[in-house]
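Subject: Model for your files

Hello,

Here is the structure I said I would pass on. Please keep it with your notes; my findings come after it.

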Amino acid sequence: SELALMYNDESVLENHHLAVAFKLLQNPDCDIFVNLTRKQKQTLRKMVIDMVLATDMSKHMSLLADLKTMVETKKVAGSGVLLLDNYTDRIQVLQNMVHCADLSNPTKPLEAYKLWVDRIMEEFFQQGDKEREAGLDISPMCDRYNATIEKSQVGFIDYIVHPLWETWADLVHPDAQDILDALEDNRDWYQSQIPVSPSSSSHELKEEDEGQSACADDQ
């Protein structure tokens, strides 16, 4: 696509969103940071860029690993308090906070979560329809005739969302415990909606869940 060419296939949508946002801020009628000093604007711009680029799912595992390290550091410190006295630590917390928000749909009340699942799956299916029409391979989870929505959500929570929110909850304990509880309840509900045939073994179900998780990560 034109955007992929422009951004050399690197965090294409994230880079595009940032560029459009800062372009809009050049309009005096849209500059919500008009009262900041030049230095403050420079600092803010760097922070926003660092946070938005961190929402690229290709960075998920490294971001989660760094967050786990921060949690362990907090535990070792004994006081249970993170000083955050340098930019690297502060931006790491902000990046993970925005990343959690980006992956927060499964933590919402069930009815709201289900609504967002319907919307995102329809978006995926429309992409798959266009790929089918163009004679391309259909991307994972984008084939409306073969997708298993319930399994994909369980896999997505088990392998992507829950590890992130569990680690974040450790970092800010106990402030995110209610969110983590809601996530686990929603996961159990989707698990209960998966039809299990008499011939399916627990081993087969585990393999299917892992496959769905890999597809969710690609998205």
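What follows is a summary of the fold, the helix packing and a few individual residues.

This is a predicted model, in which local features need pLDDT of at least 70 and side-chain atom pairs count only at pLDDT 80 or more, while totals for chains, interfaces and linings use all residues. Residues are numbered from 1 along each chain as its sequence is written, and side-chain values use heavy atoms, with hydrogens and water left out.

Overall fold

The protein chain has 9 helices and 0 strands. Both are DSSP runs numbered from the N terminus (helices are H or I with at least four residues, strands are E with at least two). Of the 219 residues, 32% count as buried. Buried means under 20% relative accessible area, exposed means over 50%, and partly exposed lies in between, with a 1.4 Å probe and protein chains only. Among contacts (heavy atoms within 4.5 Å) with a separation of 6 or more, 66% are between residues 24 or more positions apart.

Helix packing

Two packed helices are described by the angle between their axes and the distance between the axes. Axes here are lines fitted to C-alpha atoms, for helices over the stretch in contact, and angles run from 0 to 180 degrees between N-to-C directions. Angles under 35 degrees count as roughly parallel, over 145 as roughly antiparallel, 65 to 115 as roughly perpendicular and the rest as oblique.

Helix α4 (residues 60-77) crosses α7 at roughly 25 degrees, and the two axes come within 9 Å. α4 is therefore roughly parallel to α7. The contact takes in H60, L64, L67, K68, M70, V71, K74 and K75 on the α4 side, and I160, P163, L164, T167, W168, D170 and L171 on the α7 side. By type, the residues of this contact of α4 with α7 are 9 nonpolar, 2 polar and 4 charged. For this division, Ala, Val, Leu, Ile, Met, Phe, Trp, Tyr, Cys and Pro count as nonpolar, Asp, Glu, Lys and Arg as charged, and the others, Gly among them, as polar.

Helix α6 (residues 110-133) packs on helix α7 (residues 149-171) at an angle of about 110 degrees, with the axes 12 Å apart. α6 and α7 are therefore roughly perpendicular to each other. From α6 the contact uses Y113, V117, M121 and F125, and from α7 it uses I149, Q153 and I157. The contact of α6 with α7 has 6 nonpolar residues, 1 polar and no charged.

M121, in helix α6, counts as buried at 2% relative accessibility. Leaving aside residues up to four places away in sequence, M121 touches M141, A147 and I149. M121 and A147 are 26 residues apart in sequence, and their C-alpha atoms are 9.2 Å apart.

Two other helices

The expected span of a helix is 1.5 Å times one less than its number of residues. Helix α2 (residues 12-24) has 13 residues and reaches 18 Å from its first C-alpha to its last, close to the expected 18 Å. V12, E14, L18 and F22 are buried in α2, and their cover includes α1 (2-6) and α3 (38-53).

Helix α5 (residues 87-102) has 16 residues and should span 22 Å; its end C-alpha atoms are 22 Å apart, which agrees. The buried residues of α5 are I91, Q92, V93, Q95, N96, H99 and C100, and what covers them includes α3, α4 and α7.

Loops

K108 sits in the loop between α5 and α6 and is partly exposed, with a relative accessible area of 26%. Not counting residues up to four places away in sequence, K108 touches Y113, W116 and N186. The C-alpha atoms of K108 and L183 are separated by 7.4 Å, although the two are 75 residues apart along the chain.

Most residues other than glycine have a negative phi, and most peptide bonds are trans. The loop between α1 and α2 contains N8 and S11. Phi is positive in both, near 55 degrees for N8 and near 45 degrees for S11. N8 is exposed, with a relative accessible area of 59%, whereas S11 is buried at 8%. The peptide bond from H173 to P174 is cis, with omega near 5 degrees; P174 lies in the loop between α7 and α8 (177-192).

Regards
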